[in-house]
Amino acid sequence: MPLLPAGSGQDAALAVLEDRFQPNMTLEAAQGLLVEAITAGILGDLGSGGSVDACVITETGAKMLRTLSSPTKPMERPTQYRFAPGTTAVLSETVKPLPLQLVEETVQTMEVE
């Protein structure tokens, strides 16, 4: 029984699977469909990660396939941040007191055995 995708990108992944799945697909075709489906989930949701991994389970055993695809490029920073360890620059600070009022206070004793 196949496992269905689960997570924040599952709706996009399931849409691709429902649209393109064919019975008796070859292993290569199924892997291609998996990459398409998971890529749709990754690109459709920012919280879905950035690479496609799979585990192929057959009668002879299981094989992990790491990084079948990496549809997103890692973000490159134009410069390096250089702060002394344990410090962060503070540009401004405003402290605004909140007007609070105690409306009701009750005290109850707790019975202990």
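Q: Which helices each supply at least two residues to the lining of the second largest pocket?
A: α1 and α2 do. Keep in mind that this is a predicted model.

Q: Which of them gives the most?
A: α2 gives the most to that lining, with three residues.

Q: What volume does the second largest pocket have?
A: About 150 Å³.

Q: How many residues line the second largest pocket, and which lie nearest its centre?
A: Twelve residues line it. Nearest the centre are A6, G9, Q10, I38 and S48.

Q: How does the lining of the second largest pocket divide by residue type?
A: Seven residues are polar and five are nonpolar.

Q: Which residues of α2 are buried?
A: L33, A37, T39, G41 and I42.

Q: What covers those buried residues?
A: The cover includes α1 (10-20), β1 (52-58) and β2 (61-69).

Q: And G32, where is that found?
A: G32 is in helix α2 too.

Q: Why does G32 count as partly exposed?
A: Because its relative accessibility is 31%, and partly exposed runs between the 20% limit for buried and the 50% limit for exposed.

Q: Zooming out. How many helices and strands are there in the protein?
A: Two helices and two strands. Along the sequence the pattern reads α-α-β-β.

Q: What radius of gyration does the protein have, against a compact globule?
A: The protein has 26 Å. A compact globule of 113 residues would come in near 13 Å.

Q: What does the C-alpha trace span along its principal axes?
A: About 70 × 55 × 30 Å.

Q: What share of the residues counts as buried?
A: 12% of the 113 residues.

Terms used. Residues numbered from 1 in each chain as written. Predicted model: local features only at pLDDT ≥ 70, side-chain atom pairs only at ≥ 80, totals over all residues. Heavy atoms only, no water. Buried < 20%, exposed > 50% of the residue type's maximum accessible area, 1.4 Å probe, protein only. Helix = DSSP H or I, 4+ residues; strand = E, 2+ residues; numbered from the N terminus. Contact = heavy atoms within 4.5 Å. 1 Å grid on protein atoms, 1.4 Å probe; cavity = no way out; pocket = protein on both sides within 12 Å on 5 of 7 lines; lining within 4 Å. Points joined across faces, edges and corners; volume = space filled by probe spheres on them. Nonpolar A, V, L, I, M, F, W, Y, C, P; charged D, E, K, R; others polar. Rg over C-alpha atoms; globule rule 2.2 N^0.38 Å.
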